[in-house]
Amino acid sequence: MAELTIGRAGVRTEFDRLWAAPDGPRLFVLWGEPGIGKSHLLGRFAEQVGTGKSATVDLDSLDVGGTYTDPVGALLRAIAGVCAPWAPEAAGEFDRIAEAAAEAETRLLTDRPEINVSLKAGLGATISDSPITVEAPPPGPSLAAIRQSFHPRLLRALVTLVERSSPGDKLLMLDTFERTRQLSDEDAGGPDDATRHRPNRPNWVERVLLPALTGAGLRLAVAGWNDVTTPVRTHRWRLIEWTAPDTRAYLSSRGVADPALQSAVHVACGGHPAWTAMVADAWDAGVAGGRPLTVAEIRDAARHEPVDRWLVPMFLDRLASRLRPIVVAAAIPRQFTVDAVRALFDDAQRETVLYDGWARDLFSFSFVRRIAGAGARDTLRRLHPLVRTAVLQSERETDPDRTRLLHGRAASHCQRHGQVHDEHYHRFAAGDMTSAERWLAEVRAGERLGLVGNTRLLIEVATPPECVEQLEGGAADVLFEAYYAVSRVYPKDVDRCRLAAERGYALALQLNVPLEAANFVSKLAMLRLRDGDLDGAEASLRAALSVYEQLDNAVGRCNVMRDLGWVFEERGRLDLARGLYASSGRLALDHGYRDNAVYALLNLAKVAENDDRRRELVLHAAQVAEQGASLAAVLRVRAALAELAAKDGDEEGEREHLLVALGEAGSIIDVEMEIVLGFRLALSYMKANKWPQAQQSARFTADRAMAENDTVMLIAAREIEAKAVMHTDLPAAEPLVDCILAAASHRDGPASVKAALLQFMLAGFQEEAGDLQRAQVNLVMAGSRVANAPVDQRGGEAARIDALGRSVQKLGHRFKEAGIIKPLGLIGHILLRLYEHTSDTAAIAHGWLFTGLGKTQETDISGKGEPADNAAAEKALETCLRLFGPDGDIGCRATAHGVLGQLRLAAGRVPEAREDFLTARQLWTDQGWQDGIRLMDDLLGRLDAAG
């Protein structure tokens with residue numbers, strides 16, 4: 001097979017150079033559109049590293065076929081499996097932990113607790129009068145909690161394995177990295193936005209796994225649709241389409257020598273490597289069958305349809321008749337083995353269709369790829385996703401009955417091998433709805449157990465076009481549930497949630513299901529509200545409310561009225577918001593919808609007219625919750641009760657409510673509430689100067705915020721944690737502050753300013769502890785960060801910024817008095833930026849003084865070797881003296897005149913220099929500083945001696 005890495009010589013050369021560099025990157029990223037050649041380049045990287053020094057995991061190969069799949073555990077096991085040959089003795093510990101995790105999950109899913117029920121009846125008593133006693137063991141940990149406890153242990157064991165493998169010359173490669181969107185289960189990394197067109201926010205794999213592996217000494221290369229966001233030192237290549245010479249070189253290597261045909265193919269395929277390679281496959285098939293491709297044929301096809309529509313039929317049309325059904329069969333499974341393809345033919349067809357050597361011929365095509373890290377070598381393969389999609393689309397259009405038949409046979413094969421998700425996929429694509437109820441039950445169970453990754457996989461197998469077109473007529477409730485579930489498992493991916501809601505709404509209209517249509521309109525309204533489109537949100541909610549009223553659907557009316565209340569609250573129309581919240585609450589209470597009533601009452605409390613009314617509403621919500629609301633509603637009541645206790649000054653009561661609510665949030669995997677509650681608890685402990693408890697609560701909150709990619713709350717929690725650590729373990733505080741500064745650098749100005757002020761606080765603690773050098777470095781860096789932030793982004797921090805400025809000013813004087821001049825230029829710059837929009841003339845004058853002194857040095861603070869600028873120094877010092885005036889700081893004025901005299905003397909302006917020296921001497925005399933007087937006398941004496 002010809003080399004698909006044609007045109008990538010520069011990448012390979014650069015990889016060689018970076019691999020050999022002692023301080024080279026720890027992570028190499030290949031990213032670009034599907035079919036652009038990423039996987040082939042990974043293969044070349046492996047060759048360049050050397051035999052036995054690389055290992056590959058294709059994320060499509062992960063063992064995630066079970067009902068309650070664990071995507072994170074599957075990835076960790078896969079990486080351990082390919083790394084084990086490097087350190088077999090260390091693999092045993094990982095295997096033991098993995099087995100323990102599997103056993104714990106099995107016990108949870110199979111054990112049935114023993115429940116004893118006894119009834120004590122008195123003489124003549126009825127059953128309703130007799131007390132019933134129920135004895136049951138306390139509930140054990142949830143499945144998500146079990147995984148939450150084992151995932152860190154598995155990761156530590158994997159890191160140990162890597163550390164013992166002499167990782168310095170090893171390369172781990174992760175292919176189809178876009179699959180990490182299924183690898184961020186809440187108990188490991190939280191819902192993320194790792195979609196093909198995602199926001200630039202890191203997921204658990206990027207944020208935790210990659211740094212852990214590279215920190216252990218291993219280097220990694222990943223290939224996927226997107227760039228990677230990670231703190232690891234990274235080198236990136238974005239692969240793009242081939243140039244015309246690249247296309248010609250590749251086609252020539254495949255035997256397509258006609259320059260006109262090469263040019264036509266390049267234009268028709270846009271230089272896309274995968275499609276170009278398939279044209280070469282079609283050429284080979286056409287030559288073998290006596291029907292080679294022609295220029296006219298390529299150009300005519302490209303004029304009428306995109307390449308994915310015309311190329312596959314053209315290829316299949318030229319394919320040898322005995323190979324065509326095999327290629328089509330191989331496109332049915334998402335990934336396949338030889339046995340899986342064989343299972344798609346009945347006994348008679350296996351004899352007639354599956355000729356000797358069919359697998360070898362199938363594997364020879366450029367679009368058939370072996371999946372790395374999939375167990376026994378050369379057992380698992382797949383068609384390139386672009387080609388598979390095009391083949392399936394073509395076959396559904398030309399022979400839909402045959403396509404459904406093949407999917408049905410694939411479903412039976414998956415059922416025999418315990419491949420639950422693939423079985424669902426094939427049954428839906430076959431039009432077989434027998435697994436619909438089971439799919440629905442698994443989605444709902446996954447939600448109950450907090451298995452976000454599992455739900456994502458279930459959505460994925462129900463929503464491909466080949467499944468949707470069958471489900472629309474056979475089991476629309478599966479599609480409705482899938483579209484609903486998107487907002488639960490991708491809560492921050494607004495585009496994905498909007499697309500799912502729009503598809504659900506269109507389906508509901510198509511099937512004339514007004515209730516479902518109203519539900520999706522309500523979802524779209526909330527997305528508009530998140531976007532700040534209050535008018536659009538209100539219009540959508542009113543439309544949904546109208547439908548709910550016509551259907552007399554009380555639940556829908558409760559929810560929509562509450563959401564409308566939110567719209568008016570955002571607009572500041574609190575009177576209307578109160579009315580809607582109150583109506584929602586009354587309706588919910590009338591129908592016994594306790595959760596809805598609790599939420600409405602708590603919303604009403606937020607906009608209450610006064611504190612007494614707010615207390616009344618919260619206590620009412622608590623009474624309703626006690627009557628049988630869900631745990632999610634109960635914990636929100638506890639959070640509101642904690643606020644009441646805080647207003648009453650009952651700090652212990654506040655913390656008690658928060659601690660109980662935190663436990664409830666953890667038990668139902670409500671990570672967002674855990675973040676809110678944990679942060680409030682950390683604040684409460686900090687206010688009480690209970691630093692160890694504040695540190696523990698803040699760290700808990702930061703971990704949850706990191707899992708949720710909530711950078712704002714992450715920084716806020718880390719700030720409290722850092723403050724606590726400054727009181728309990730000062731040496732550990734600086735690395736923590738560095739992490740906060742790094743996180744804040746990706747946020748807006750206010751976050752960066754807050755982080756810099758935390759660095760200023762650290763400097764103060766270090767100075768108190770006697771670590772003056774580190775204190776000075778952190779003080780200057782903090783000042784520089786705040787000074788470089790726009791003024792409008794320093795809001796609310798004026799007092800702390802002024803304290804920072806005073807400290808920087810004092811440091812400048814220390815340097816000046818010690819004769820350390822080089823840093824003064826930077827200190828002057830900081831003061832001028834901090835005070836430029838204030839009326840603090842003295843501070844600004846100090847800024848000009850330090851700036852002028854700094855300009856007299858040969859190098860600046862960074863040591864870049866900038867030449868002294870005496871003219872600029874003179875101008876700065878003159879500005880300083882003008883601002884100080886005749887009554888300003890004597891020492892600063894004396895210093896300025898003394899330095900000005902030296903500058904003017906160097907320029908040959910002796911009379912001006914003498915005047916400056918005399919002025920400086922008088923000022924030092926007034927201050928009584930003898931060293932200054934002697935220095936000026938010495939300079940004046942030199943002037944006199946020189947005549």
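Analyst: Cysteines first: a disulfide here is a pair of cysteine sulfur atoms within 2.5 Å. With that cut-off, a search of the whole structure turns up zero disulfides. Take Cys892: its closest cysteine sulfur, in Cys880, sits 6.6 Å away, so that's too far for a bond. Cys892 is also buried at 1% relative accessible area (buried is under 20%, exposed over 50%, partly exposed in between, with a 1.4 Å probe and protein chains only).

Bear in mind that this is a predicted model, where local features need pLDDT of at least 70, side-chain atom pairs count only at pLDDT 80 or more, and totals for chains, interfaces and linings use all residues. Residues are numbered from 1 along each chain as its sequence is written, and side-chain values use heavy atoms, leaving out hydrogens and water.

Now the helix pair. Helices are DSSP runs (H or I, at least four residues), numbered from the N terminus. The axes of helix 23 (residues 494-510) and helix 24 (residues 514-530) come within 8 Å and cross at roughly 155°; axes are lines fitted to C-alpha atoms over the stretch in contact, with angles from 0 to 180 degrees between N-to-C directions. That makes helix 23 roughly antiparallel to helix 24, a label for angles over 145 degrees.

Who touches whom? Contact means heavy atoms within 4.5 Å. Helix 23 brings residues including Cys497, Arg498 and Tyr505, and helix 24 answers with, among them, Glu516, Phe520 and Leu527.

Definitions and conventions: Helix = DSSP H or I, 4+ residues; strand = E, 2+ residues; numbered from the N terminus. Parallel < 35°, antiparallel > 145°, perpendicular 65-115°, else oblique.
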